[in-house]
Amino acid sequence: DAAPGGDMQWCFSQVKGAIDDDVAEADIISTVEFNHTGELLATGDKGGRVVIFQQEIENKSLPQFRSEYNVYSTFQSHEPEFDYLKSLEIEEKINKIRWLPQKNAAQFLLSTNDKTIKLWKISERDKRPDGYNLKEDDGRYKDPNSITSLRVPVLIPMDLMVEASPRRVFANAHTYHINSVSVNSDHETYLSADDLRVNLWHLEITDRSFNIVDIKPTNMEELTEVITAAEFHPHQCNTFVYSSSKGIIRLCDMRESALCDRHTKLFEEPEDPSNRSFFSEIISSISDVKFSHSGRYMMTRDYLSVKIWDLNMENRPVETYQVHEYLRSKLCSLYENDCIFDKFECCWNGNDSVVMTGSYNNFFRMFDRSQRRDVMLEASRENSKPMQVLKPRKVCAGGKRKKDEISVDSLDFNKKILHTAWHPQDNIIAVATTNNLYIFQDKVN
Amino acid sequence: MEVNVEARRILAVSISKLYASRSQRGGLRLHRSLLLSMVMRSARDIYHSSRESEQPNGEQPATEEPMDTNCDPKEKARLAPDLADTSADMAPGVSDKLDESDCDITEDKENLSPAKQSRKRRGKASAAPDFLPSKRARLEPGEERYAAPVGSCRAGVGDYRSALTLNQVIPAF
């Protein structure tokens, strides 16, 4: 049972990554994802690497501390590539990681860069065979004349080894840059989406995928909208949504037709004409869409706000939360320094009562839907003593700045939190700053 | 008039972003290019409509320079944020040139280069992949993120001459 976000006190638990102020580009975290039990936490970075952390078995003698996450496996998922036909580099940056529900001893995840999705198997090995008849321990073959007896090799314990191996490579299906992957509730299929198309794959089949959405106009000059994110419904395997750069979400039912170009539902809020500016279109572009665990709601993130939609109501969201309204008057500067193009993600807590998203200056926000409370916290090395309680932060939009408040002009726009994740069953959150991963948990009394 | 200046500045910033994004690792991003072209369209429309409302009253500034209306696709586009001051105002014909220009930037890959370019060109001739070092330098933060200097409205004038039409930005894909 999660206590409401507003009431809760959050404490620092751990931080992963280099302390260096000089950030190596390859170390920039580009995605964060808990698996379905929360035991594993995966990160992907710009260098194409995946690092998986595992929560240790709970320490029963110290119940006030939840277990720590330690490195479980690290592997290079994607390498830089070159498309010779188009004379283009393909970045190795991991755009998304999605875990498959666990079916056996091994863990599986999908990781994707701009063009290629890979299915990785992560398995443990803690035994090895010992006592071969024909081979020495080091692998050399014995002199046959020296073998006088027969024995059966036995499995003996060894130090735990975690191996990651690529089981499937799903390539050559996307002309544009992949922004999303989403595993279906049938656990057999998944979708991948780029700027103009959504493809449906079977996890076992790599040489074929079905195109289920195609919004590419015949004449590219008429292009007005691109796909920005897509996700399968958590329970209805025939339903998925995709969001667009125009702030529109379309819900599609795959039973209606093979090509879901015609939506079943269209979610759009009419624009407030008083907010119109040069940048209205950019800030209405949706950067992330996430279904609630219940499947009844979905959440979208645009540049300035988070919106909760009831799937039964298309004409407006049921809740809207302003993440950093103080930036509305700074849009021109944010356009010049490119920040207006930043794609923030958002996430739900386990029981859908609280939502979380990131902001600038290493701030992140939580909105408690039931208690109608919200809080802004900071991920920083200064507040990283063990179990240190995070103090709420406040930004002063203008005028007189109170003590402990920070003014808008002092915000560090290079310190952005784009990726956050919430443990599916517990109040543990993972927050990625540029190159560090912070783990916070709620204070257990 | 305020809006006009703002529109022009945003247009200049947008064009420089568009050029900068052409040499970005990973290739042109469709989403970003679309958003840029939308901002440019809004800025251009605002600029046009404010010019139109000016016509009956305002006089053309005397310091206008004659525009070079030659549009040669092979000519190097000049992205010059540090361009010395040229005309004080855009020639009335320039905004028309935005629409009429038949220069196709898709063919201009080989020759387009920002004035202060220090990077390899991305033409087909230079197919040598330079991603091989494990930590490859990308655009310096300063190169993409420079705030449009005050004089950039004027610097932008040179850009309009070059082969850029809003309608042709997207088909570059």
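This is a predicted model: local features need pLDDT of at least 70, side-chain atom pairs count only at pLDDT 80 or more; totals for chains, interfaces and linings use all residues.
**View 1. A salt bridge between two strands, Arg125(A) to Glu163(A).** Here the side chains meet at 3.1 Å, N to O. Arg125(A) comes from strand β10 and Glu163(A) from strand β11 of chain A, so this pair ties together parts that are 38 residues apart in sequence. Buried or exposed, or in between? Arg125(A) is at 37% relative accessibility, so call it partly exposed. Glu163(A), at 27%, is partly exposed as well.

**View 2. The open sheet that holds β10 and β11 of chain A.** Four strands line up in the order β8-β9-β10-β11, with antiparallel pairing. Look at the edges: β8 and β11 each have a single partner strand, so one side of each is left without a neighbour in the sheet. On average, neighbouring strands are turned by 25 degrees against each other, ignoring direction. Strands β10 and β11 of chain A pair over 13 bridges, and one detail to find is Lys127(A), whose bridge partner in β11(A) is Pro157(A). If you're wondering what holds such strands side by side, strands of a sheet pair through backbone hydrogen bonds.

**View 3. The hairpin of β14 and β15 in chain A.** The hairpin has 2 residues between its strands. The strands run antiparallel and are joined by 5 bridges. Pick out Leu200(A) and look across to Phe210(A), its bridge partner in β15(A).

View 4. The rings of Phe12(A) and Phe440(A) have centres 6.3 Å apart and planes at 70 degrees, which makes the pair edge-to-face. Phe12(A) lies in strand β1 and Phe440(A) in strand β32 of chain A, so the pair ties together parts 428 residues apart in sequence. Both Phe12(A) and Phe440(A) are buried. Another edge-to-face pair is Phe170(A) with Tyr190(A), at 5.2 Å centre to centre and 75 degrees between the planes. Back at Phe12(A), ring pairs link Phe12(A), Phe364(A), Tyr438(A) and Phe440(A) into a cluster.

**View 5. Val355(A) and its surroundings.** Find Val355(A) in strand β25 of chain A. Its relative accessible area is 0%, so Val355(A) is buried. Which residues does Val355(A) touch, not counting those up to four places away in sequence? Among them are Met299(A), Val306(A), Trp348(A), Phe367(A) and Arg369(A). Arg369(A) also lies over the face of Tyr297(A), 4.7 Å from the ring centre.

**View 6. Where chains A and B meet.** Asp338(A) forms a salt bridge with Arg32(B), with 3.1 Å between the closest N and O atoms. Asp338(A) is in the loop between α2 and β24 of chain A and Arg32(B) is in helix α2 of chain B, so this pair joins two chains. Asp338(A) is buried at 7% relative accessible area, and Arg32(B), at 13%, counts as buried too. Elsewhere in this view, look for Lys17(B), which lies over the face of Tyr335(A) at 5.5 Å from the ring centre.

Key
Residues are numbered from 1 along each chain as its sequence is written. Chains are lettered from A and ligands numbered from 1 in the order in which they are written. Side-chain values use heavy atoms; hydrogens and water are left out. Two strands pair if DSSP finds at least two bridges between them. Buried means under 20% relative accessible area, exposed over 50%, partly exposed in between (1.4 Å probe, protein chains only). Contact means heavy atoms within 4.5 Å. Axes are lines fitted to C-alpha atoms, for helices over the stretch in contact, and angles run from 0 to 180 degrees between N-to-C directions. Rings of Phe, Tyr and Trp (its six-membered ring) pair if their centres lie within 6.5 Å; planes under 30 degrees apart count as stacked, over 60 as edge-to-face and the rest as tilted. A charge sits over a ring if NZ of Lys or CZ of Arg is within 6 Å of the ring centre and within 35 degrees of the ring normal. A salt bridge is a side-chain nitrogen of Lys or Arg within 4 Å of a carboxyl oxygen of Asp or Glu.
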